[in-house]
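These are my notebook entries on one structure. I record below what I looked up, entry by entry.

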Amino acid sequence: MLTIAISKGRIYDDTLPLLAEAGIIPIDNPKTSRKLILRTNQDDVKLVIIRATDVPTFVEYGAADMGIAGKDVLMEHGAENLYEPLDLGIAKCRMMTATPVNAPEISGRIKVATKYVKTAQRYFAGIGVQAEIIKLYGAMELAPLVGLADCIVDIVETGNTLKANGLVAKELITHISSRLVVNKASMKMKHGIIQPLIDQFEKTIENRH
Ligand code: ATP
Ligand code: PRP
């Protein structure tokens with residue numbers, strides 16, 4: 001049995017074609033079903049549908065053999081206990097700092113709202129800026145507008161969310177895409193099914209370029 005951990009939404013939607021090329025087609029649909037374990041057309045392959053931030057945990061502990069997670073999530077979780085064999089090139093975006101349009105330059109310690117606490121800490125320490133990191137779970141864009149923070153660290157794709165809230169992207173922290181992650185023990189024990197799957201995903205991605 002092979003268990004693949006995946007989050008609902010954009011990652012699931014972008015992964016379906018990759019799975020289909022590998023001959024794996026879910027029978028249940030997470031959009032219409034409340035099931036958290038999805039059967040597929042292959043009796044020995046199932047998908048578990050979890051929060052994006054929980055994917056590395058499921059894979060690290062072997063509750064799933066492999067999973068698909070954004071690089072942002074992996075940087076926060078720490079990926080040293082996982083194999084990360086493939087950049088799937090899906091759910092592409094950038095992690096950036098952003099401030100209100102026309103915000104004055106801050107000298108000294110700045111307040112940063114983000115759900116990416118560790119990544120933000122590392123980034124500001126790396127550029128020698130003293131930062132107080134304020135952990136939020138969403139709607140980061142609101143924080144500078146209500147005086148909670150001077151700036152945010154968040155995902156930017158089109159920039160529409162920033163623009164709609166009077167913010168502007170400043171520094172690029174890193175480019176983000178989703179990665180295939182594999183449990184270390186599964187990679188050994190189930191090499192015969194996992195490696196061909198990785199190879200097939202790789203081929204599909206190459207054919208897209
Ligand atoms: P959770 O549901 O656990 O709060 P989430 O809301 O970040 O997580 P999604 O919005 O489905 O979950 O995002 C999954 C991944 O997709 C993120 O980890 C990130 O790598 C990427 N992502 C997030 N926002 C965008 C975006 N606007 N455009 C492209 N990719 C994005
Ligand atoms: C993400 C991110 C930004 C937005 C950026 O939110 O947190 O708010 O996308 O995309 P844009 O630059 O194209 O506007 P998401 O759509 O995942 O909503 P959520 O964080 O509430 O899940």
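In which helix does Ala 120 lie? I located Ala 120 in helix H4; helices (H or I, at least four residues) and strands (E, at least two) are DSSP runs, numbered from the N terminus.

I noted the basis of the entries: this is a predicted model, in which local features need pLDDT of at least 70, side-chain atom pairs count only at pLDDT 80 or more, and totals for chains, interfaces and linings use all residues. Residues are numbered from 1 along each chain as its sequence is written, chains are lettered from A and ligands numbered from 1 in the order in which they are written, and side-chain values use heavy atoms, with hydrogens and water left out.

I checked the accessibility of Ala 120: its relative value is 0%, so the residue counts as buried (under 20% relative accessible area; exposed is over 50%, partly exposed in between; 1.4 Å probe, protein chains only). Leaving aside residues up to four places away in sequence, I found Ala 120 touching Thr 114, Ile 133 and Val 153 (contact means heavy atoms within 4.5 Å).

I then turned to the sheet. It is open, with five strands in the order E8-E7-E9-E6-E10 and mixed pairing (two strands pair if DSSP finds at least two bridges between them). Strands E8 (131-135) and E10 (167-176) each have a single partner strand, so one side of each is left without a neighbour in the sheet.

I looked up the pairing of E6 (residues 93-100) with E10: the two run antiparallel and are joined by seven bridges. Cys 93 stands opposite Ile 176 in E10.
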